[in-house]
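Subject: Structure for your files

Dear colleague,

Here is the structure I said I would pass on. My notes on it follow below.

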Amino acid sequence: MHSSHLPFWAAQQLVIDEIFLPILIGFGVIFLGLTALFIFFFWRTHYRLWLLGKPDRCSDQVLKRLKTLLAVTFGHVRFWKESLPGAMHFFIFIGTLLIFLGKGIRLFSFLTGLTIPPQTIYLVASLMSEIGGLLVLLGGGIAVVRRYAFKPSRLDSKPDDKLKYVLGFIILITGYLVKSYRMAITEGTLPTDSYVWAPVSTALTNIMFIQTSEPLNDLLVWHRVLIHAIPATILVGYMIVSHSSLQHLFLSPLNIYFRSLKQKGALNPIPNFEEAETYGAKEIFELTWKQLLDLEACTNCGRCQDHCPAHLSQKPLSPKKVIQDLKTNLHQRGRPLLWGGSIQKESNNSIPGEVVSEDSLWACTFCLNCSEQCPVFIPSYDKIIEMRRYLVLMEARYPSEVREVFRNMERKSNPWGIEKGIRSDWAKDWGVKTLAEDPEVELLYYPGCFKGFDDRNKKVAISMVRILRRVGVKFGILGTEEGCCGDPARRIGNEYLYKMLAEGNIETMKRYRVKKILTTCPHCYNTLKNEYTQFGGNFEVIHQTEFLNDLIQQNRLKMREIDPTTVAYHDSCYLGRFNNIYEPPRRILSSIPGIQLKEMERSHHRSFCCGGGGGRMWMEEHLGKKINEMRIDQAIKLGVHVIATACPYCTTMLTDGVKARGVEEKVRVLDISELLETSLADEPKKI
Amino acid sequence: MAEPDHCFICYFAIGLLQVVNALVSEELKMSLRVVAIAIEVIILMAMIYCFFLGLKLTLSDLGLQPRYDRFLKLVLTTLGIFILTFFIAHLILFYPGIIP
């Protein structure tokens, strides 16, 4: 440190002692008051409100929760799914962190007299704050340009957004002005390395207007510090008291911490089903406390909406709007609490139908894309299912075509109402034995309703059987004792029917001491694996793609080359997003000589739903565009010959989509097992 | 005012400003002062705007009925005009007059 710079640092210390510290102490007292205000408002308007919801257990596995919280907060791992918004938010977050860290270190240095001359840590902290400020300005600039110039459809701007951007910019710019003015008016030589440790502030010193006398300079310093500190106080105060989106600063980390650690997409059963007086959620407070926290943690970013197939096909559903409308309802119902009143739990305000329209509720395909994209783990499907349960079980209000489906599932154990007795007719020609005939098997093959009754999908079951025979696996089926897994009933909201079907199946499987189940349907796979455990059914469940991939890895299947074919794999929602099975199907396809695998634009965790999930397979699509046709358009754009699927719902919906688009000559929809079996034939077959 | 020492960029900037100072007329100096005051007023009024907007939004969140919105807007706008006048008057009086 050059000795001629000591007067500069001494003069800086003087300015800080005489002006900055008194202001800091004053605002320190105010911030103490703000802290008390924060605790009061948090308890009154948030905590008490959440406690009005139903109980939920979300505090187990503390270490796992902390790990996720740190990874998402500091690493922004879920934000980077979209690069520009992710970068924008990362800059703002890291910049703010650096600013506060830098200020804290420098304050400590001042208070401990370590600034004449300053230690290296002080200079580094100075640079940290300056870089932090630039990062926040950059991130904020991107945010403003994106929101107000490019105007993406998923962002609806509110006055609250304008306020936070304007105040944020004022705080940043006045922060630089404070520092540069302080440096400009102090006596002594400006250090030569000022441009290294405080580049922005040093540059600004050259355009500062200096007063002619010291008292006037001091007055101007007071002015500059106050116009920096006051906006900061206003911003913090506003964030505490209002329902600003800035509250995500504390609500989002809370939501990330308390997120559900249960299997994705596994719906919760209705507790005490037989004794319960109501089912589902009619009132906002019939949701759990965690679901109420979800509503408050939503920052209105719109990522869910941008990936929702229902919204993209112009249905009334927007996951963002569902959450925001429920949030508004929650705040309106919760207002009496703030003023010392109590909430009337019963009201005429019904959330399904009035707050969230029925068209929106029935449009959901339960593809989980919304919660997959949400940076703070907010699911909208669990609120939708609660509202569906209320409509179905309490008011019998559901699409008319579903009535027949319920009746068929109840009487014939399949959605089509076809006689149970012919469920396993497809297997008779292949000599497949039922467990009643031979219970000593390695695994139970559970084909599901589509393979049992739908002609197109029976071929898939037959392909699977041929492969199982080829590798010498001893398997059996339940035959006519097999019932529908119950997934459509559960997803539509008929928990009673689902429970009946599930318990029936579990009892049958336990009777035959089933340990391992192979299924070709992801809906059955998800239900048997992740949801039957809720009713005492604990089985090892594998999907055909996992099974076939294992066989290929073990070299138990020898493939022959097929005609050159470009194939795009369509990720089934229930296999991909629900159960993280993305690679096994791709490895299977890549291992077939002759297949050139291409990826659709929306693939893996961003895959576009076929439109058949959530019970929508059994409902007419009256509104907007057809989701399956939109998916076919994406495949046509890629120019592939074959769309490979691993789900009978997807196969059916996409086949219908191909026919609707009139491109049967160009594109075919085939199950993975069909493609694989073609390659396994003794004579290479044409696809 | 802190003087630069052995800093080329600082020497350059100061020199440039001194040249500008010598060349510019009094009228231009006054114009630059007006520009500087205008910038300060914009910053201050932006702060006041945010404060009033925050107040309005907070009152709505706390239960103020929408029928009072127009009255509130009128009151805040009037207050804003008074504050703007205050700021302009004081800045004209107290703002430094010359470039260093």
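Beyond its neighbours within four places in sequence, A:A644 is in contact with A:V567, A:Y569, A:H570, A:L589, A:L670, A:I672 and A:L675. Please keep in mind that this is a predicted model. A:A644 also belongs to the largest nonpolar core, a set of 135 residues, where A:L589, A:I643 and A:A644 have the most contacts inside the core. The helix that gives the most to this core is α16 of chain A (residues 381-394), with eight residues. Another core lies apart from it and has 27 residues; A:L163, A:I240, B:L44 and B:F51 are among them.

Next, the sheet. Four strands of chain A form an open sheet in the order β3-β2-β4-β5, and the pairing is parallel. Because β3 (475-476) and β5 (540-543) of chain A are at the edges with a single partner strand each, one side of each has no neighbour in the sheet. Strands β2 (residues 443-446) and β4 (residues 516-519) of chain A run parallel and are joined by three bridges. One residue pair to look at is A:Y446, whose bridge partner in β4(A) is A:T519. Packed on the sheet is helix α23 of chain A (residues 522-531), which touches β2, β4 and β5 of chain A. The direction of α23 makes about 160° with that of β5(A).

Finally, chain A as a whole. Its secondary structure comes to 28 helices and nine strands. The C-alpha trace of chain A spans about 105 × 60 × 45 Å along its principal axes. Chain A has 687 residues, of which 47% count as buried. Of the contacts in chain A between residues at least 6 apart in sequence, 81% join residues at least 24 apart.

Regards

Definitions and conventions. Residues numbered from 1 in each chain as written. Chains lettered and ligands numbered in written order. Predicted model: local features only at pLDDT ≥ 70, side-chain atom pairs only at ≥ 80, totals over all residues. Pairing = 2+ DSSP bridges. Helix = DSSP H or I, 4+ residues; strand = E, 2+ residues; numbered from the N terminus. Contact = placed C-beta atoms within 7 Å. Axes fitted to C-alpha atoms, helices over the stretch in contact; angles between N-to-C directions. Core = buried A, V, L, I, M, F, W, Y, C linked by C-beta atoms within 7 Å. Buried ≥ 20, exposed ≤ 12 C-beta atoms within 10 Å, placed from the backbone.
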